Structures are given as C-alpha cells and as structure tokens.
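Let's take a walk through the greasy and ring-bearing side chains of a protein. Have a look at the picture first, then read on.

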Amino acid sequence: FMHGGIGHLFFNMFGLFMLGSILERVWGPQRFLLFYFVTGFGAVVLHMFVQGFLVYQATGTANPTMALLEAHPEAWSTYFSTTVGASGAIFGILTAFATLFPNTELYVMFIPVPVKAKYFVSVYILIELWQGFAMNGSDNVAHFAHLGGALFGFLIVNTNLIKCIYSN
C-alpha cells in the first residue's frame, strides 16, 4: 500500500473512489474488499512471474547466486527491484467496471468527448501491454502488475467467481 509519490497515490485513490464505489454498491462491501485483494494478489503473481522469467533469461537459473547476479547487472536490478502501490488492484477495478458497464461514458482528462468504458479500458490495457514489452527501465512502472490485476479482475467477473469465493 506504499506509493511512489502523491500523484501515484492520488490517481489510485481517485480510481478507487470513482469506480470502486460503484462496484461496491453492486457486490456489497465484503465481496468488493475480497475482489480488491484478490486482484492485488493477481498483480503480484504476474509481476513476480515476469521478474523471475527475466532473471532466468539473464542468468540461466531461477535461483541465482550473488556472484551470478553481480555478473549480470540487468538481472541484479530486476532481482532487487522494489514495487509499490495498489495500481494492480485498481486495474482489476477498471477491468471489472468496463466488463459490467461497458457502455458507460467516462470523461477522461484531456479528451474533450466522453469515451465508453470498454474502449477506454481496452486501450489502456493495450498501452500497458506495449509498455511492458518495451521494457523501458526508466519509466519505473510495473506494467505487468497492472496487467495482472486486469487479468484477474476480468477472470473473476467473467467466471462469476466473485459469488463463488464469497457466498453469504
């Protein structure tokens, strides 16, 4: 729940407030909280899988020694990188909202016309996917964590798992 600055915290909380409150009204507070944590966990799972794959690609092992990490600076920086924020769970909320309310029009900053949720979220996910594969280390964003949250959010909503994992 740590964040990389006031802007990071603001936009995560803005998304949580604007879209999360709608999902909470639909599912109830307990289901919504569980959804939030499961999508956050999904973000961690995909992010760690990609990080492990990158370390494996660089060193040839998933469990490198310190000497091996020192010999491969790209693996060192990946292995010892830190991740902060709850953006993965926010991407789960974005995806759930776009899945449940696809034709809801959203007003997005700097876009002078409303955009349907299904288009906004789809384009946002494609941008994250492109940036994730571009692997621009200077942007300091865990793109695959965002994608993991979106993937888990999509799976939970489309399999109706939210009712299965928390039944009254």
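A residue is called buried under 20% relative accessible area, exposed over 50%, and partly exposed in between (1.4 Å probe, protein chains only). At 82% relative accessibility, F110 counts as exposed. You'll find F110 in the loop between β1 (105-106) and β2 (115-116); helices (H or I, at least four residues) and strands (E, at least two) are DSSP runs, numbered from the N terminus.

Two notes on the source: this is a predicted model, where local features need pLDDT of at least 70 and side-chain atom pairs count only at pLDDT 80 or more, while totals for chains, interfaces and linings use all residues. Residues are numbered from 1 along each chain as its sequence is written, and side-chain values use heavy atoms, leaving out hydrogens and water.

**On the surface**

F110 also belongs to a nonpolar surface patch of about 870 Å², together with F10, F11, F14, F17, M18 and M109. The areas come from the Shrake-Rupley method with a 1.4 Å probe. F10, F11 and F14 are also linked into a cluster by ring pairs.

**Ring pairs**

Rings of Phe, Tyr and Trp (its six-membered ring) pair if their centres lie within 6.5 Å; planes under 30 degrees apart are stacked, over 60 edge-to-face, and the rest tilted.

| Pair | Centre to centre | Angle between planes | Type |
|---|---|---|---|
| W27 and F35 | 4.8 Å | 55° | tilted |
| F91 and Y124 | 4.7 Å | 55° | tilted |

F91 is buried at 4%, but Y124 is partly exposed at 32%. As for the other pair, W27 is buried at 13% relative accessibility and F35 is buried at 0%.

**Inside**

Which residues have the most contacts inside the largest nonpolar core? They are W27, F35 and I93, in a core of 22 residues. Such a core is a set of buried Ala, Val, Leu, Ile, Met, Phe, Trp, Tyr and Cys residues joined through side-chain atoms within 4.5 Å. Its largest share, eight residues, comes from α5.

Technical notes:
Patch = residues over 30% accessible without salt bridge, like charges linked within 9 Å, V, L, I, M, F, W, Y side chains within 5 Å. Salt bridge = Lys/Arg side-chain N within 4 Å of Asp/Glu carboxyl O.
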